[in-house]
Structures are given as C-alpha cells and as structure tokens.
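Visitor: I have a few minutes and a model to look at. Can you walk me through it?

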Amino acid sequence: MDFQISDAMKDLLERAERHMEETVFPLEAVVHEKGFTGARAELEAARDTVKAEGLWAPQVPKEWGGMSMPFREHAQLMRVFGKSTLGPYVFGCQAPDAGNIELLVEHGTDAQKDRFLAPLVRGEARSCFSMTEPERAGSNPTWLETRAVRDGDEWVIDGRKWFTTGADGADFAIVMAVTNPDAPPHQRASMILVPTSTPGFQHIRKIPIVGEEGSGWASHSEVGYESCRVPVENLLGGEGMGFLLAQNRLGPGRIHHCMRWIGLAERALELMCKRAATRMIAPGKPLATRQTVQNWIAESRAGIDAARLYVEHAAWTIDEQGLYAARQEISAIKFFVADVLGAVLDKAIQTHGALGLTEDTPLSHIWRHERGARIYDGPDEVHKYVVARKELKRHGLELGSAR
Ligand SMILES: Cc1cc2nc3c(=O)[nH]c(=O)nc-3n(C[C@H](O)[C@H](O)[C@H](O)COP(=O)(O)OP(=O)(O)OC[C@H]3O[C@@H](n4cnc5c(N)ncnc54)[C@H](O)[C@@H]3O)c2cc1C
C-alpha cells in the first residue's frame, strides 16, 4: 500500500533496498559473530558505499553533508533502513547521534558546531545522550540528581547515569544536569557537552539488555561524572533550557524510532509468510493452510499498514505545522507502533516454533533489541497519559497532573 510517490523517491527507495540486500543484511551475521566493535571495519566500509551513493544522513541539512529530507520522505526511507537494526547506523541516521546532531544544528554555537557537530555528521565521531539515572524515575525528566555547579570558567559535573546508549567508545556525551536547583522544575536542568576524555568521566559498565551486552554503538552503559570539569562554553543552548531541548530532541527521535519499527515489523511479517508457506505440518500441508496462521498474517498486515499511515500523518504534520502541532500524535504513534511491532514479532516467532528463538533467523535478536521500544524515549503509560489528557481537554474535561 502506498500513496503516489515521485520518481525521484522511487529511485531512492530502490537504491536503499538494494543496499540493504547487498550490504546490510549480510553484515548482520558478521556483527553477531564479532560484535559491533569487532566488525567496525566492515561497518565503515558499508557506510563509505552509502556515502558514495549519496544516501547518507537523510535527516541532516545539506549544508552539513546530509540530504535535507522532510520528515514524510525520511519516514519512507527509514522504513527500508529500519528492516535491520544495523540499517540506521549504516545510513547515518541512528539514535542517539541523529538527535544529538539535531540539537547541535539548532542550538550549537559556531565553536560547538566545528568541534562536535562536524565530525559527528561525517560519521568520524560518535556521541551519546546521558539523561536517565539509576536513582530517579526516567519517566520524569524534571527530577534529576546530577548537578553541574559553575566554578569560574568551568562547569563541575557530579552524578551517575545509566542506559546511556553508545557511551562505550563515544567521543562525547550530552549530559542533562541540574544547574538551577531553585528554578521551577522545567527550568532547573541544562545540557552540557562533555568529551569522554575529560578527567572524571567514567565508563562504569555495559548493561546487558535481555542478556545481550553488545559493544560500541550497539550497547547501553552506566556512566559516572565525578568532579568532571568542562569549560562554560560547553553549555548547549541556555542555562535552564535542558528540559525544553530534551523535548525538542525527543519529538523527532520518537518518530524516527516509529519509522524504523515499521521496517522491522515488515521484515518479521515477510519471514512469517515465508516460514508459513514452506513449513510442512503434514505431507503436502504447509502451516499457511491453518486459519490461525492466516489470521496472524492478516492481522499483522493490517497493523503495520495502520501504523505506517499514522506515522506518515505525524511526519506530514511536523513538515506542515511544526513539531509542537504534532506532539500528541507523536505520543500516540510511540505506543501504538511499539505495540504493533511487539505483536508482529511475537506472531512471527510463534510461526517459526523453536527455530524462532534461535539465532538462525534475525527474529530473536530483533525481539531482544526492541522489547525496550515500549520503555525508552518515554514508557507507554506516559504517552497514553499525554494523549488521554489532550483528548479530555478537547471535551472540556481535566485529568489532573500525573506527577
Ligand atoms: C534500550 C534502552 C536504551 C535507552 N537509551 C537511553 C539513552 O541513550 N539515554 C538516556 O538518557 N536514557 C536511555 N534509556 C532510558 C529510558 O529512556 C528510560 O528507561 C525511560 O525513560 C523510563 O525510565 P525508567 O527506566 O527509569 O522507568 P521508571 O520511570 O522507573 O518507570 C517504570 C515503569 O513505571 C511506569 N510508569 C512510569 N511513569 C508512569 C506514569 N506517569 N504513569 C503510569 N505509569 C508510569 C511505566 O510502566 C514504566 O515502565 C534507554 C532505555 C532502554 C531500555
């Protein structure tokens, strides 16, 4: 199912599909065997091919070496890149770097752009985003323990963060720290750029997720900031603007995730269909003759199409009316698409029987990688609260505060 798309877009989609088949899917086994860090050379070679083809960093402005794509077109491309958990990395639009790039483009000073943004966009550096803390509920980003205190020309940062994706081997972190503890809750925190070579920046451990520790970009770490000193010029945006910037960063970040989840769900459905059509449950009787399996296929198709249209509408709203106008829709797609992905993956695994739990298909890895979809960038329940509050308001009713 597709709306009419331009010839230029068709060409881009075909080229992206070809790269996925020829370059990205074969890399999955390599990364599985060697780990992300061990497969660095192969991953970088794949990125070079993509750059040479002009398919690099669709969301980044052209002046910074990207493709300046509007959200709606980016959504279409991301559906293709998203079919593999490695796709966004190879095409230069992976979280958390994509969000950090957006922050630096929008709010970075010229010096910050030269030092941090330029190598990040070129894919020569990696970054991480350090907001969630072990001792505070991540679902309430106005309530943080990490402090940054000004001392002369420096910020001195102290605190502990976890689930900092890609911190292992990252060149710098953007950390959220309270700089103005006496201000109203939404104006207490600021974002600060911290090179990971700064004394006091500690990479404590990689946290295994559903048993998978990973490495490099494909890992999530606990990190510490202990009397970590950076120049005052490393403040990103204004003092006390951390929460506002986080909202600006997470909006596009959430829609990017939804776009790629549709790619993953498509892949799972394709594998489900192929297995159902070829697995014989009796001589001459493929699994696909069972109505239960037909129902799973049909429900998955409808779920993915509904999710896709919803995401494309949210992308269109951002393009036409801006991020603010799309915020309720972004919350709605965040929990809706995560749910569709989980349901399709579960059916695809069930269709494969025991095979679905092995590494002989990508399903098990995708499930481990994406169970977090209902938690990261805000858990389902918080997004449902946002949607319900808006809906009640539309009817002149109040829900009260969740916090
Ligand atoms: C794979 C992965 C990658 C991540 N990457 C990053 C990263 O790069 N940087 C970063 O800073 N963080 C990252 N996170 C952290 C993530 O954003 C947080 O886990 C998330 O915001 C939830 O916070 P929490 O885990 O502290 O859960 P809590 O806030 O403790 O919430 C626990 C549960 O309580 C329920 N709940 C919470 N609030 C409400 C409410 N208001 N109403 C009803 N129910 C509620 C929800 O079910 C929720 O799952 C990552 C997490 C994962 C799993």
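Guide: What follows is a quick tour by question and answer.

Visitor: What kind of model is it?

Guide: This is a predicted model: local features need pLDDT of at least 70, side-chain atom pairs count only at pLDDT 80 or more, and totals for chains, interfaces and linings use all residues. Residues are numbered from 1 along each chain as its sequence is written.

Visitor: Which domains does the chain have?

Guide: The assignment gives domain 1 (7-104), domain 2 (127-236) and domain 3 (244-394). Such bounds come from an automatic or database domain assignment.

Visitor: How far apart are the centres of domain 2 and domain 3?

Guide: Their C-alpha centres lie 30 Å apart. Nine residues from domain 2 and eight residues from domain 3 make the contact. Two residues are in contact if their C-beta atoms, placed from the backbone, lie within 7 Å.

Visitor: What classes of residue are on the domain 2 side?

Guide: The side of domain 2 that touches domain 3 has seven nonpolar, one polar and one charged residues. Ala, Val, Leu, Ile, Met, Phe, Trp, Tyr, Cys and Pro count as nonpolar, Asp, Glu, Lys and Arg as charged, and the others, Gly among them, as polar.

Visitor: On to the ligand. How many residues surround it?

Guide: The shell has 23 residues, and the closest are Met131, Ala137, Gly138, Ser139 and Glu381. Strand 1 (127-130), strand 3 (154-165) and helix 11 (380-394) each give two or more residues to it. Helices (H or I, at least four residues) and strands (E, at least two) are DSSP runs, numbered from the N terminus.

Visitor: And the make-up of that shell?

Guide: It divides into 12 nonpolar, nine polar and two charged residues.

Visitor: Which domains does the ligand lie between?

Guide: Domain 2 and domain 3 both give residues to the shell, so the ligand lies between them.

Visitor: Back to strand 1. Which way do its residues point?

Guide: Ser127 and Phe129 point one way, Cys128 and Ser130 the other, and all are buried. A residue is buried if 20 or more other C-beta atoms lie within 10 Å of its own, exposed if 12 or fewer, and partly exposed in between, with C-beta atoms placed from the backbone. In a regular strand the side chains alternate between the two faces of the sheet.

Visitor: Does strand 1 run parallel or antiparallel to strand 4?

Guide: Parallel, with four bridges joining strand 1 to strand 4 (residues 172-178). Phe129 stands opposite Ile174 in strand 4. Strands pair if DSSP finds at least two bridges between them.

Visitor: What about strand 7?

Guide: Strand 3 and strand 7 pair in the antiparallel sense over nine bridges. Ile157 stands opposite Cys228 there. Strand 6 (residues 201-206) also runs antiparallel to strand 7, with five bridges. Phe201 has Tyr225 as its bridge partner in strand 7.

Visitor: Is Ser227 buried or exposed?

Guide: Ser227 counts as exposed because it has 11 C-beta neighbours inside 10 Å. Ala57 has a positive phi too, near 50°. Ala57 lies in the loop between helix 2 (40-52) and helix 3 (71-81). With 26 C-beta neighbours inside 10 Å, Ala57 counts as buried.

Visitor: Where is the cis peptide bond?

Guide: It joins Ala95 and Pro96, with omega about 0°. Pro96 is in the loop between helix 4 (87-90) and helix 5 (97-107).

Visitor: How many residues of helix 5 are buried?

Guide: Eight of its 11 residues are buried. Helix 6 (110-121), strand 1, strand 4, strand 8 (235-236) and helix 7 are among what covers them.

Visitor: What does Val311 touch?

Guide: Not counting residues up to four places away in sequence, Val311 touches Ala75, Ile255, Cys258, Met259, Ile262, Ile333 and Val337.

Terms used: Near = placed C-beta within 6 Å.
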